[in-house]
Structures are given as C-alpha cells and as structure tokens.
Amino acid sequence: MLYHKFVAREKLSRLYCLQKYLLSTKPLSNKIIMPDQVQQPVDPNENPYGYLGMAKNPDGSITRLAQLPGTPASSDPSNPFHLSKDLDINQSKGTWARIFVPREAFDSSPAKKLPLIIYVHGGGFILCSVNSSSFDALYTPIVTEIPAVVVSVEYRLAPEHRLPAAYEDCFEALHWIKKSKDEWLEKYADFSKAFLMGTSAGGNIAYHVGLHAAACVDDLGPLQIKGLILHQPFFGGTERTESELRLAKNMVIPLTVCDLMWDLSLPIGVDRDHEYCNPTAEIKSGQFDQVKALRWKVLVTGCDGDPLVDRQIELWKKLEECGVSATGKFDEGGCHGYEFGYPDKAKELVLRIKELVKSATTS
C-alpha cells in the first residue's frame with residue numbers, strides 16, 4: 001500500500017500537522033497550558049489524551065493542554081480567493097457560522113447565484129472550530145473551484161454537549177440559513193442548489209442531519225438540499241473491522257484515539273452499535289425512501305490508509321442496496337485527513353464534489 005511506503009520524515013511531518021489541526025480549538029475549561037509547554041508530536045497509541053491536546057483530571061473533567069489561534073474572517077477586497085464573515089446562529093448556545101463567497105462573485109454584474117454548500121467540520125465531535133486554520137485547505141478550493149458559497153457551521157462540542165447536540169445545532173443552522181436576511185446569502189447563494197457536506201465527524205453529522213432534513217423537507221423551503229457529501233465520515237461499531245485491526249496502531253487516528261472520541265461524545269450508557277456511531281447496524285424499513293424520492297446524490301469518500309475506510313465502504317454499499325444514488329470514491333494509500341496536508345489531493349476531492357454538484361443540479 002502507498003501509505004506504508006511513506007518515509008519516516010513524512011509521517012512525522014504529517015503527524016505534527018494533524019496535531020496542530022486537532023489542537024486548534026477552544027478550551028473546555030479555564031485551565032490552559034500554552035503550546036510552548038507541550039512537547040510534540042505525542043504518540044497517540046501511548047497517550048491519546050495528550051495527542052488530542054487534553055488531560056483527564058481526577059474528577060473526570062477535561063483540561064485542554066493547548067489552544068492554537070484560529071484564522072479570522074476576512075472581508076479584505078484584495079483577497080484573490082474569497083471574502084468571509086462570521087454570523088451568530090444561536091447566541092445562547094454559542095453557535096455561529098462563517099460564510100465564504102468567491103472573490104469573483106463580487107465583481108459580477110448582475111450577481112450570479114452560486115450553489116450553496118453547508119459544511120460541517122471534523123474533530124471527533126470534541127475538537128476544532130470553523131476557524132481552525134487547517135480547514136482553509138478545503139474552504140478555498142471549494143469556494144473557488146466549483147465555485148460555491150460555503151456556510152461552515154460551528155456546533156457545540158462534547159463532552160459538555162454529547163450527541164445529539166451537534167446534530168441539533170446543525171439542523172438548527174439549516175433553519176437559520178433559510179430565514180437569513182444576510183445580504184451575501186440573499187445575493188449570491190442559490191438556495192435551490194444546496195448540499196450538506198462534512199469531514200470526518202462532520203461527515204457523520206451531515207449524514208444524520210441529512211436524513212432528518214429529508215424527512216421534513218417541506219419545513220426547510222426555500223432551502224432545497226440536493227445531496228450529501230460525506231468526506232472520510234467518522235463511524236464505528238462494537239465489532240472491529242478489518243481496516244481497524246490492520247491499522248490499529250496507525251499514527252494519525254489509531255483505535256485508541258477513535259475509542260476515546262466515542263467515549264467522550266456518545267450519550268452515556270449506549271454502546272457503539274448505537275445509530276449515532278454505527279448507522280448500518282440496523283437499517284429501518286423505508287429509512288431512505290424520502291432521500292430516494294428527492295433524488296439526492298450522495299458522495300462517500302475515503303482511502304485505504306484510514307482505519308475508518310471499511311465503515312465508509314459499508315455505508316456506501318448499504319445506500320446503494322437501498323436504492324440511493326450513491327457514489328463511493330476510495331483512494332489507495334493516504335491517511336485520515338490527508339487532503340488537509342496535500343493541496344493536490346484537496347483539489348482532486350473538490351473536483352469530485354464539483355461533478356456531484358453539476359450532476360445533482362442539471363438532472
């Protein structure tokens with residue numbers, strides 16, 4: 001496998017970058033140790049809490065060990081790629097969104113309506129933020145290459161807010177978008193060509209929120225979702241898969257890290273065959289009927305250097321078996337989140353998304 005051919009230096013560099021990506025978040029407590037006090041990289045197999053930038057306190061609470069600054073929104077008209085701004089969704093919950101519009105859209109007269117991609121970030125439900133700098137590696141090519149308006153949603157994190165809090169927040173964001181009077185959304189976003197996209201845990205969220213949205217589509221108008229883009233979605237289960245066992249000691253997202261993320265995010269008392277974690281454990285009769293009736297397109301992506309790949313393939317095949325128009329794109333090699341470190345891979349992903357957007361909006 002290509003993944004196993006990576007040299008040690010590349011592994012170390014990628015691991016360091018991923019840890020910066022994982023640690024780029026807001027603290028869960030008021031106890032903060034600055035980044036220069038944290039030795040990196042941390043072996044995730046030996047110290048999963050440290051790898052995630054956390055420490056477990058004797059009382060069971062969590063302390064963040066580092067907080068990296070996020071990237072601010074930019075309305076600088078000289079930006080050659082896109083302009084962005086932040087808006088509150090629900091101040092009482094602390095949820096908000098960052099809106100991105102291609103720079104060229106501001107120069108078009110009359111204004112051209114663009115597809116709308118509602119993006120949900122990853123981080124195992126417990127880490128990261130809309131403004132984590134690593135996500136720029138996807139924001140920019142999505143906005144410019146498709147081109148599209150992107151609304152990236154900030155949701156509440158576990159363990160303070162265990163699932164389904166993230167699902168509820170992102171579904172609330174759909175209602176916020178449909179009622180929004182924001183000038184950028186009104187002027188540049190085509191609400192009839194909307195897509196839900198998520199990376200890793202965000203892919204899990206996009207899947208569950210998408211099924212809920214399909215079931216109450218009449219309540220979301222004029223927002224019309226045309227498809228789901230599940231980028232390396234984060235799923236699990238009680239029984240280990242072949243890829244999980246093969247890559248159990250993987251240095252990017254080993255089983256120790258996956259287990260910790262699920263332990264901190266699932267409702268207390270449920271196992272990992274709960275539908276939030278393992279959506280294929282029990283497919284209900286007619287579960288995807290509305291998705292099929294709406295003719296949604298679904299894209300599931302992954303790579304065989306990711307311990308989660310078997311789960312992703314299983315979901316894709318289940319969707320196909322149930323008659324959903326689903327496409328699976330799985331690369332040789334790679335690792336979980338590798339598009340964030342390789343611009344050429346990020347562009348390949350975005351071109352696949354562009355194909356789906358075109359197919360879903362012209363058929």
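**View 1. Ser200, a buried residue with a positive phi.** Ser200 is tucked away, with a relative accessible area of 5%, so it counts as buried (under 20% relative accessible area; exposed is over 50%, partly exposed in between, using a 1.4 Å probe and protein chains only). This is a predicted model, where local features need pLDDT of at least 70 and side-chain atom pairs count only at pLDDT 80 or more, while totals for chains, interfaces and linings use all residues. Residues are numbered from 1 along each chain as its sequence is written, and side-chain values use heavy atoms, with hydrogens and water left out. Ser200 sits in the loop between strand 7 (189–199) and helix 6 (201–215); helices (H or I, at least four residues) and strands (E, at least two) are DSSP runs, numbered from the N terminus. Its phi is positive, about 55°, although Ser200 is not a glycine. Most residues other than glycine have a negative phi.

**View 2. Cys128, with another positive phi.** Here phi is about 75°, and again the residue is not a glycine. Look for Cys128 in the loop between strand 5 and helix 3. How buried is Cys128? Its relative accessible area is 0%.

**View 3. Two cis peptide bonds, ending at Pro147 and Pro159.** The bond from Ile146 to Pro147 is cis, with omega near -20°, and Pro147 belongs to the loop between helix 3 and strand 6. The bond from Ala158 to Pro159 is cis too, with omega near 10°. Pro159 is found in the loop between strand 6 and helix 4 (165–179). For context, most peptide bonds are trans.

**View 4. Strand 6 and its neighbours.** Six of the six residues of strand 6 (residues 149–154) are buried, so the strand is largely enclosed by the rest of the structure. Both faces are covered, with Val149, Val151 and Val153 on one side and Val150, Ser152 and Glu154 on the other. Which strands pair with strand 6? Strand 4 (residues 95–102) pairs with it in the antiparallel sense over five bridges, and Trp96 stands opposite Glu154. (Two strands pair if DSSP finds at least two bridges between them.) Strand 5 (residues 114–120) pairs with strand 6 in the parallel sense, also over five bridges, and there Ile117 stands opposite Val150. From strand 5 the chain crosses through helix 3 (residues 136–145) to strand 6 in a right-handed β-α-β crossover; right-handed means that, with the strands pointing away from the viewer, the path from the first strand over the helix to the second runs clockwise.

**View 5. The salt bridge of Arg98 and Asp86.** Side chains of opposite charge can pair when their charged atoms come close. A salt bridge is a side-chain nitrogen of Lys or Arg within 4 Å of a carboxyl oxygen of Asp or Glu, and the whole structure has 15 of them. Arg98 and Asp86 meet at 2.6 Å, N to O. Arg98 lies in strand 4 and Asp86 in strand 3 (residues 82–90), so the pair ties together parts that are twelve residues apart in sequence. Arg98 is buried at 4%, whereas Asp86 is partly exposed at 36%.

**View 6. The salt bridge of Glu242 and Arg246.** The closest N and O atoms are 3.3 Å apart. The two residues are four apart in helix 7 (residues 242–246), so about one helical turn separates them. Glu242 is partly exposed at 47%, and Arg246 is partly exposed at 32%. Elsewhere, salt bridges that share partners join Lys93, Arg156, Glu168, Asp169 and Glu172 into one network.
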